[in-house]
Amino acid sequence: STLSSSSAASDVYKRQVLRLIVELQLFPRRTMRVVLWTNEENGGGGADQYAIIHQKEILEFTVSAFESDAGVSGPSYIGYTGPSSGYNLVKEFVKTHLSDILPSKIQNGKGGGRDIQPIMVLGVPGLSLGTTANSDPPYKYFDWHHTEADTFDKILKSDLQKSVASMAVVNFAIAQMDEKLPRD
C-alpha cells in the first residue's frame with residue numbers, strides 16, 4: 001500500500017495549505033507551522049514526543065492544532081474541540097467564508113484526533129477536516145484504507161483542492177485573529 005488516501009494525502013494537504021498562502025502572498029499575523037510525524041498508526045510516538053519536546057512553546061505560542069486524517073475525499077465539515085467561546089468564533093468564519101464548500105459547516109466536539117491529542121491535552125483547541133470518505137461513492141475509505149488498493153488513483157483533484165482551500169481558510173483566519181482562541 002502507498003497509504004495514498006491517509007498518511008500521504010494528509011501530508012500533501014498540510015503542505016499545500018502553506019503553499020497556497022505563500023502563493024497568494026498572504027502574511028498571517030501569527031506563524032503557521034506544519035508538523036509531520038510518524039507512528040500514528042502504531043501508538044502515536046511521534047506526536048507524543050513532539051508534545052514533550054516542544055511543551056514550553058506549545059503552552060506559550062500555539063493557538064490551535066489542526067488534523068487531517070479522514071481520507072481523501074470532499075470536505076464535509078470542520079470539527080472543533082475546545083471552549084464554546086472558541087467554537088462560536090470558528091463557527092462564524094466557517095459560515096461566512098466556507099458555506100459553498102462545506103455542506104455541514106462545523107461540528108462541535110469533532111475536532112482533533114490521535115495526531116494532535118497530546119497537544120490538545122495541554123489545553124490547545126483542536127480542529128479537523130471531516131470528509132465524505134465513507135458516504136460518497138466512489139469512496140468507501142475503510143474498504144481499502146491501508147490495503148494494496150490504497151493508491152493515488154483514488155484521489156480526485158477537485159476534492160483535494162476543496163480540502164486544501166477549506167484548511168487554508170480556517171488556519172489563516174485563526175492566524176489572523178486579534179485574540180488567540182480560548183483554551184481549556
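Residues are numbered from 1 along each chain as its sequence is written. In this predicted model local features need pLDDT of at least 70 and side-chain atom pairs count only at pLDDT 80 or more, while totals for chains, interfaces and linings use all residues, and side-chain values use heavy atoms, with hydrogens and water left out.

Next, colour helix H1 (4-23), helix H3, strand E1 (65-67) and helix H7 (157-176), the elements that each give two or more residues to the lining of the largest pocket. Helices (H or I, at least four residues) and strands (E, at least two) are DSSP runs, numbered from the N terminus. H1 provides the largest share of this lining, 7 residues.

Move to the second largest pocket, with a volume of about 170 Å³. Of its 14 lining residues, Glu67, Asp69, Ala70, Gly112 and Ser128 are the closest to its centre. Strand E4 (residues 126-131) gives the most to this lining, with 4 residues. The lining holds 3 nonpolar, 6 polar and 5 charged residues; Ala, Val, Leu, Ile, Met, Phe, Trp, Tyr, Cys and Pro count as nonpolar, Asp, Glu, Lys and Arg as charged, and the others, Gly among them, as polar.

Now select helix H2 (residues 45-53), whose buried residues are Gly46, Ala47, Tyr50 and Ala51. Buried means under 20% relative accessible area and exposed over 50% (1.4 Å probe, protein chains only). On the other side of H2, Ile52 and Ile53 are exposed. Display helix H3 (55-61) and helix H5 (117-120) as well, which are among what covers the buried residues of H2.

Finish at Tyr80 and Tyr87, both buried. Rings of Phe, Tyr and Trp (its six-membered ring) pair if their centres lie within 6.5 Å; planes under 30 degrees apart count as stacked, over 60 as edge-to-face and the rest as tilted. The count by this rule is 1 aromatic pair. The ring centres of Tyr80 and Tyr87 are 6.1 Å apart and their planes lie at 45°, so the pair is tilted.

Conventions
Contact means heavy atoms within 4.5 Å. On a 1 Å grid over the protein atoms alone, a cavity is a set of points where a 1.4 Å probe fits but cannot get out, and a pocket is an open set with protein on both sides within 12 Å along at least five of seven lines; lining residues have an atom within 4 Å of a point. Grid points are joined across faces, edges and corners, and a volume is the space filled by probe spheres set on the points.
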